[in-house]
Amino acid sequence: MISIDPKQNTERDNYKLLIGSIIPRPIAFVTTQSKSGIVNGAPFSYFNIVSSNPPMVSLAIQRPTGELKDTARNIYGNGEFVVHIVDGENVAKINETAASLPPSESEVESADLTLIPSTAISVPGIRESKVRMECRLVQAISLGGDGPGSDLFIGEVVRFHVDETIYENGRIDPRGLGAVSRLAGANYAAIGDIFTIERPK
């Protein structure tokens, strides 16, 4: 077993250890809106559930150069964002939104995704997702100081939208959703074998 002190590593070395070992990671495609009305869209795999009462999700957005990404700047600006689950049908287009565009250009438009109005917040979502969650910012924590770091956002889900073809009796069909997950590098994973283990009583 190799023992590694993260304080002796560079930020990129620690990044590679984390993304290579914490797999698979769910992917959130997040839409936000700038003060000038530009809808930004980007995928993030530092994403998960926080709470079900109230329903909340977490999203960490990296600052590899110390500068805020458009998504983080927009969330700080208006406190609203939409989280979409990335699946096998939309992953190729959503991958296109990872390109570095200036704040004045919309990744949603460049990837030919379709905007759809939200019902509880002002930021629109995209039609090409089977599950989307309208979120309001609850708490934001800046991590890492002025250098490379990240901004951790906790958002409350104020509206769920679920494709009726994958929803039955309050549950979502995992195979119908077909969510994809992030590995390291350029690698992704699809839902593989599903097995059941009963929890002890």
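Here are some notes on the model, point by point.

1. Before you start: this is a predicted model, with residues numbered from 1 along each chain as its sequence is written. Local features need pLDDT of at least 70, side-chain atom pairs count only at pLDDT 80 or more, totals for chains, interfaces and linings use all residues, and side-chain values use heavy atoms, with hydrogens and water left out.

2. Have a look at the strands around β10 (residues 149-162). Helices here are DSSP runs of H or I with at least four residues, strands are runs of E with at least two, and both are numbered from the N terminus. Strand β9 (residues 131-143) runs antiparallel to β10, joined by 12 bridges; two strands pair if DSSP finds at least two bridges between them. Within that pairing, Leu137 faces Gly155 of β10. The β9 and β10 hairpin has 5 residues between its strands, and Gly144 there has a positive phi near 95 degrees.

3. β10 has another partner too: β5 is antiparallel to β10, with 8 bridges between them. Gln62 is set opposite Ser150 in β10. As a reminder for reading the sheet, side chains in a regular strand alternate between its two faces.

4. How many aromatic pairs does the structure hold? There is 1. Rings of Phe, Tyr and Trp (its six-membered ring) pair if their centres lie within 6.5 Å; planes under 30 degrees apart are stacked, over 60 edge-to-face, and the rest tilted. Tyr76 and Phe153 make an edge-to-face pair, because their ring planes are at 65 degrees, with the centres 5.0 Å apart. The partners come from distant parts of the chain, 77 residues apart: Tyr76 belongs to helix α2 (residues 70-78) and Phe153 to strand β10.

5. Phe153 is buried, at 0% relative accessibility, while Tyr76 is partly exposed at 37%.

6. Two arginines sit over tyrosine rings. The cut-off is NZ of Lys or CZ of Arg within 6 Å of the ring centre and within 35 degrees of the ring normal. Arg12 is over the face of Tyr15, 4.0 Å from the ring centre. For Arg182, the charged end is 4.7 Å from the centre of the Tyr188 ring.

7. Asn90 is worth a click. You'll find Asn90 in the loop between β6 (80-85) and α3 (91-96), and it counts as buried because its relative accessibility is 3%. A polar atom of its side chain is 2.9 Å from the backbone oxygen of Glu128. Apart from neighbours within four places in sequence, Asn90 touches Ile85, Glu128 and Ser129 (contact being heavy atoms within 4.5 Å).

8. Check the cis peptide bonds while you're there. One joins Ile23 and Pro24, with omega about -10 degrees; Pro24 is in the loop between α1 (11-21) and β1 (25-26). Another joins Asn53 and Pro54, with omega about 0 degrees, and Pro54 is in the loop between β4 (47-52) and β5 (55-63).

9. Finally, positive phi outside glycine. Asp112 has phi of about 60 degrees; Asp112 is in the loop between α4 (107-110) and β7 (115-116) and is exposed at 54%. Asn169, with phi near 55 degrees, is in the loop between β11 (167-168) and β12 (171-172) and is exposed at 72%.

Conventions. Buried means under 20% relative accessible area, exposed over 50%, partly exposed in between (1.4 Å probe, protein chains only). A polar contact is a pair of N or O atoms within 3.5 Å; within protein, one must be able to donate a hydrogen and the other to accept it, and residues adjacent in sequence count only if both atoms are side-chain atoms.
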